[in-house]
Amino acid sequence: MRTLEEVQATLQIAKLQEEDLQKTIQCLSFGENVSSGDYCLMELDDTLCKHIEAGQSLVIRGDTDERAVLCSGDKTYDLKIADTSNLLLFVPEGRTADQLTHSQESAHVVHPQIWGFCNSYWELKKQRPKLKKLKKVLMENPYEGPALGAQQENTENRYTMQDLLNRIQSSEEELKAQLETIHACQIDGYWRVLDFDYEMKLLSHVTQLVDSESWSFNKVPLQSSLEELAPLEPKEMIEHCLDCYGTRFTENDNIFYALHEDKVCRGTALLLLQNAVKFNLREFQEVWQQSVPEGMSTRLDQLKSVALVDRASRPETICLLRVEDLSEDTLERFNHLFTLRGKWTEEDITPYIQDLCGEKQTAAALLTKHARSSMQNGIKVFNSRRPVAT
């Protein structure tokens, strides 16, 4: 280890003035058995630093065939290795200039040890959680209603919240929000997504009850609904259906639900479209309006991101196209969309790319990057910048 005299001699050779330097002189040396593979360094922003300092944890998630992501309690980050030409040293006992005290009147030497080194570090970039897999995993065993008679409940492929966190590349808060979006619910401690036909059956029970009792769709009483429909379906499922398609509120200590017209109409449209390749638009609109509860009005803008209208065909048609079924990869998404239709208006394509936008990024900016615009009959349309793989 260097002495103070040796350090002072080195300063003279380097023609450095001792008074221009800190009083605390740090002489680094390698500890025993130091290896570049002992440690990994990760660069954190202020938010994640405070997260760690508060005693919270960060979790790396991803199956062996997936690119790893880092998750906090409510955000997901892409992990990328960044190389540096400078050697990065891990010195736990080292001190930066602002950490050194100025109480020392004379120069002195300390000897912090290097515990590890590397020439790369993990760089983090906030990204969208990878949630497509969630619906796929839960659809391995959708809930089709209570088992009847001697019928046995399928207990395979059921997942707790921890099971899902182990498999889905998402923070817990983002995962919970997506579970709500896909109308999943907890049954016997496991998260289940309802079979679509069963979900529509529940909704039909609710809307028929509202109609038969002459209730307002904006004020459906929970307790009366549970009592009336209990012989048909479990009370928990009826309440879950009301949660999915309505807003809960309390009045005079009684719980009510205001059903969402758009959600009910959207669900009915999906039921009509699920088995048809294409539907004559005019005929579809007639059947659709007849199928929704009396007093509700259907509109095509209720079907953004789930159905695609073709105004160019004769007659005009509509088909099922759900954004949740499309790839999470931006290039693959655009390639698929331009395979389906060579030219898109901004209004038609936006619902199918909005979820790809990063923070502070607009659909228009995404189109500028991945598509070429032109005018067609006075309307701006977008087509692919590259040959489309069919």
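Guide: This is a predicted model. Ask away.

Visitor: Which residue in the turn between strand 9 and strand 10 has a positive phi?

Guide: Strand 9 (184–187) and strand 10 (190–193) form a hairpin with two residues between them. The strands pair in the antiparallel sense over four bridges. The residue in the turn with a positive phi, about 55°, is Asp188.

Visitor: Is Asp188 buried or exposed?

Guide: Asp188 lies in the loop between strand 9 and strand 10. Exposed means over 50% relative accessible area. Asp188 has 68% relative accessibility, so Asp188 counts as exposed.

Visitor: Which residue stands opposite Ala184?

Guide: Strand 9 and strand 10 pair in the antiparallel sense. Ala184 has its opposite residue in strand 10, and that residue is Val193.

Visitor: What is the relative accessibility of Ser214?

Guide: Ser214 lies in the loop between helix 6 (196–213) and strand 11 (220–221). Ser214 has a positive phi of about 60° although it is not a glycine. Ser214 counts as exposed because its relative accessibility is 65%.

Visitor: Which residue does a cis peptide bond join to Arg314?

Guide: The loop to look at lies between strand 15 (307–310) and strand 16 (317–320). The cis peptide bond has an omega of about 0°, and the residue it joins to Arg314 is Pro315.

Visitor: How many residues join strand 15 to strand 16 in the hairpin?

Guide: Strand 15 and strand 16 pair in the antiparallel sense over four bridges. The loop between these strands holds Pro315. The hairpin joins strand 15 to strand 16 through a number of residues, and that number is six.

Visitor: Which residue in strand 16 stands opposite Val309?

Guide: Strand 16 pairs with strand 15 in the antiparallel sense. Strand 16 also pairs in the antiparallel sense with strand 14 (residues 279–280), over two bridges. Phe279 stands opposite Ile318 in strand 16. The residue opposite Val309 is likewise Ile318.

Visitor: What is the order of the open sheet of three strands?

Guide: The pairing in this open sheet is antiparallel. Strand 17 (344–345) and strand 18 stand at the edges, each with a single partner strand, so one side of each is left without a neighbour in the sheet. The order is 17-19-18.

Visitor: Which residue in strand 19 stands opposite Trp344?

Guide: Strand 17 and strand 19 pair in the antiparallel sense over two bridges. Trp344 stands opposite a residue of strand 19, and that residue is Phe382.

Visitor: What angle does the direction of helix 11 make with that of strand 19?

Guide: Trp344 and Phe382 stand opposite each other in this sheet. Helix 11 packs on the sheet and touches strand 17, strand 18 and strand 19. The direction of helix 11 makes an angle with that of strand 19 of about 115°.

Visitor: Is Arg341 buried or exposed?

Guide: Arg341 lies in the loop between helix 11 and strand 17. Leaving aside its neighbours within four places in sequence, Arg341 is in contact with Leu308, Val309, Asp310 and Asp348. Buried means under 20% relative accessible area. Arg341 has 15% relative accessibility, so Arg341 counts as buried.

Visitor: Why do the buried residues of helix 13 lie on the same side?

Guide: The buried residues of helix 13 (residues 363–370) are Ala363, Leu366, Leu367 and His370. They lie on the same side of helix 13 because they cover an arc around the axis of only 100°.

Visitor: Which exposed residues does the face of helix 13 turned away from its buried side carry?

Guide: What covers the buried residues of helix 13 includes helix 11 (330–340), helix 12 (346–349), strand 18 (371–376) and strand 19 (379–384). The face turned away from that buried side carries the exposed residues Thr368 and Lys369.

Visitor: Which strand gives the most to the lining of the largest cavity?

Guide: The structure holds one cavity of 30 Å³ or more. The largest cavity has a volume of about 40 Å³, and its lining includes Tyr39, Leu88 and Phe117. Strand 5 (76–90) and strand 8 (116–127) each supply at least two lining residues. The strand that gives the most, with three residues, is strand 8.

Terms used: Residues are numbered from 1 along each chain as its sequence is written. This is a predicted model: local features need pLDDT of at least 70, side-chain atom pairs count only at pLDDT 80 or more; totals for chains, interfaces and linings use all residues. Side-chain values use heavy atoms; hydrogens and water are left out. Buried means under 20% relative accessible area, exposed over 50%, partly exposed in between (1.4 Å probe, protein chains only). The arc is that of the directions from the helix axis to the C-beta atoms. Contact means heavy atoms within 4.5 Å. Two strands pair if DSSP finds at least two bridges between them. Axes are lines fitted to C-alpha atoms, for helices over the stretch in contact, and angles run from 0 to 180 degrees between N-to-C directions. On a 1 Å grid over the protein atoms alone, a cavity is a set of points where a 1.4 Å probe fits but cannot get out, and a pocket is an open set with protein on both sides within 12 Å along at least five of seven lines; lining residues have an atom within 4 Å of a point. Grid points are joined across faces, edges and corners, and a volume is the space filled by probe spheres set on the points.
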